[in-house]
Amino acid sequence: MLSRVVLSAAAAAAPCLKNAAVLGPGVVQATRVFHTGQPRLAPVPPLPEYGGKVRLGLIPEEFFQFLYPKTGVTGPYVLGTGLSLYFLSKEIYVITPETFSTITVVGLIVYVIKKYGASIGEFLDKLNEEKIAQLEEVKQATIKQIQDAIDMEKAQQALVQKRHYLFDVQRNNIALALEVTYRERLHRAYKEVKNRLDYHISVQNMMRRKEQEHMIDWVEKHVVQSISAQQEKETIAKCISDLKLLAKKAQAQPVM
Amino acid sequence: MASLVPLKEKKLMEVKLGELPSWILMRNFTPSGIVGAFQRGYDRYYNKYINVRKGSISGINMVLAAYVVFSYCISYKELKHERRRKYH
């Protein structure tokens, strides 16, 4: 459809191109140009209000106007009277029983039309109005629909300008996630390294403690081993005698 | 006397009486031309008297009157025998 718009714009701008073979993208027949004439009947002209005027319900007004310059106002009536008398006298119109029924029927029709014509006309006009109102409604609804579609299109086009916000947010999110992962892994690496070093330290501590204890035990054992039984007895006897001395000293002291 | 407007494009009311035969002979008598003439006549009558907002009874009335006159002309041959006087 855009190609047609382009072609019509080109044809309107340069009428000499109308017959040239204008090739555009998507044009199937290369030599035809569409929509180049002035649009006729657009907008559609409204219906006339009243029909042509007719006198006596039978003879259009144009006939009276046609005879007016030559014969004045009464010309056509005189013509009518004269013609009817001529037909009657020469019996070009024959008076038969049918004549009387014709007169009666025509009289009845004229009476009915005179009496009820206006009200029937109003009723039919009302029907017409309803029909027209319905169509108008449809037209307005379609126009509104198309207008809404146009507005939505415009809004969407405006939104396109703001697409970069979406991408900025996404970019920020990704950067944050990357940062978080990086820090997490850093922390884990630190923890692992600390773990290993702690292990080595505790191994060393344990070794040192074990060595200390072992040495202490070994020294004690050897010392205890080296104390013979006799030495033990002598030591215990000396301790007892020392204690007795001390007890005596202690007894002597408070008395003083 | 040459007319200023070529004969072909004049309407019937503008044709002078002397030019009438040549004007009539010049009309389009092919079937499509005749059909076109009937269509044009119908369209003219329809758009003038019937296709209006407040149409009156005369739109139909004129057609009925024309039909009455036409049928009277058709049946004149039999009606001639019901005349009251023979000589007028």
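Colleague: Where do Asp198(A) and Lys194(A) lie, and how many residues apart are they?

Modeller: Both belong to helix 5 of chain A, four residues apart, which is about one turn of the helix. Helices (H or I, at least four residues) and strands (E, at least two) are DSSP runs, numbered from the N terminus. This is a predicted model, in which local features need pLDDT of at least 70 and side-chain atom pairs count only at pLDDT 80 or more, while totals for chains, interfaces and linings use all residues. Residues are numbered from 1 along each chain as its sequence is written, chains are lettered from A and ligands numbered from 1 in the order in which they are written, and side-chain values use heavy atoms, with hydrogens and water left out.

Colleague: What do the side chains of Asp198(A) and Lys194(A) form?

Modeller: Side chains of opposite charge can pair when their charged atoms come close. Asp198(A) and Lys194(A) form a salt bridge, with their closest N and O atoms 3.7 Å apart. The rule asks for a side-chain nitrogen of Lys or Arg within 4 Å of a carboxyl oxygen of Asp or Glu. Over all chains, this rule gives 10 salt bridges.

Colleague: Which residue does Arg171(A) meet in a salt bridge?

Modeller: The partner of Arg171(A) is Asp168(A), at 3.1 Å from N to O. These two residues are separated by about one helical turn, because they stand three residues apart in helix 5 (residues 163–226) of chain A. Arg171(A) is exposed, with a relative accessible area of 52%, whereas Asp168(A) is partly exposed at 30%.

Colleague: With which residue does Asp148(A) form a salt bridge?

Modeller: Asp148(A) pairs with Lys144(A), the closest N and O atoms being 3.3 Å apart. Both residues lie in helix 4 of chain A, four residues apart, about one turn of the helix. The relative accessible area of Asp148(A) is 38%, so this residue is partly exposed; Lys144(A), at 52%, is exposed.

Colleague: How many salt bridges does the rule find across the interface of chain B and chain A?

Modeller: The rule finds two across this interface. Lys48(B) and Glu62(A) meet in a salt bridge through their side chains, at 2.7 Å from N to O. On the side of chain B that touches chain A, the elements giving two or more residues are helix 2 (31–50), helix 3 (58–74) and helix 4 (76–79) of chain B. Helix 3 of chain B gives the most, with five residues.

Colleague: What is the area buried between chain B and chain A?

Modeller: The size of an interface is often given as the accessible area lost when the parts come together. Here the buried area (the accessible area, 1.4 Å probe, that two parts lose on being put together, summed over both) is about 2100 Å², and carbon and sulfur atoms give 56% of this area. Arg53(B), Lys54(B) and His88(B) supply 32% of the area that chain B buries against chain A, more than any other three residues.

Colleague: How many residues does the contact take from each of chain B and chain A?

Modeller: Contact means heavy atoms within 4.5 Å. The contact takes 19 residues from chain B and 22 residues from chain A. Apart from its neighbours within four places in sequence, Val54(A) is in contact with residues including Ile59(A), Pro60(A), Tyr49(B) and Met62(B).

Colleague: What is the phi of Leu56(A), and of Glu91(A)?

Modeller: Most residues other than glycine have a negative phi, and most peptide bonds are trans. Leu56(A) has a positive phi near 60 degrees, and Glu91(A) has a positive phi of about 55 degrees. Leu56(A) sits in the loop between strand 1 (54–55) and strand 2 (59–60) of chain A, and is exposed at 69% relative accessible area. Glu91(A) is found in the loop between helix 3 (75–89) and helix 4 (97–161) of chain A, and is buried at 8%.

Technical notes. Buried < 20%, exposed > 50% of the residue type's maximum accessible area, 1.4 Å probe, protein only.
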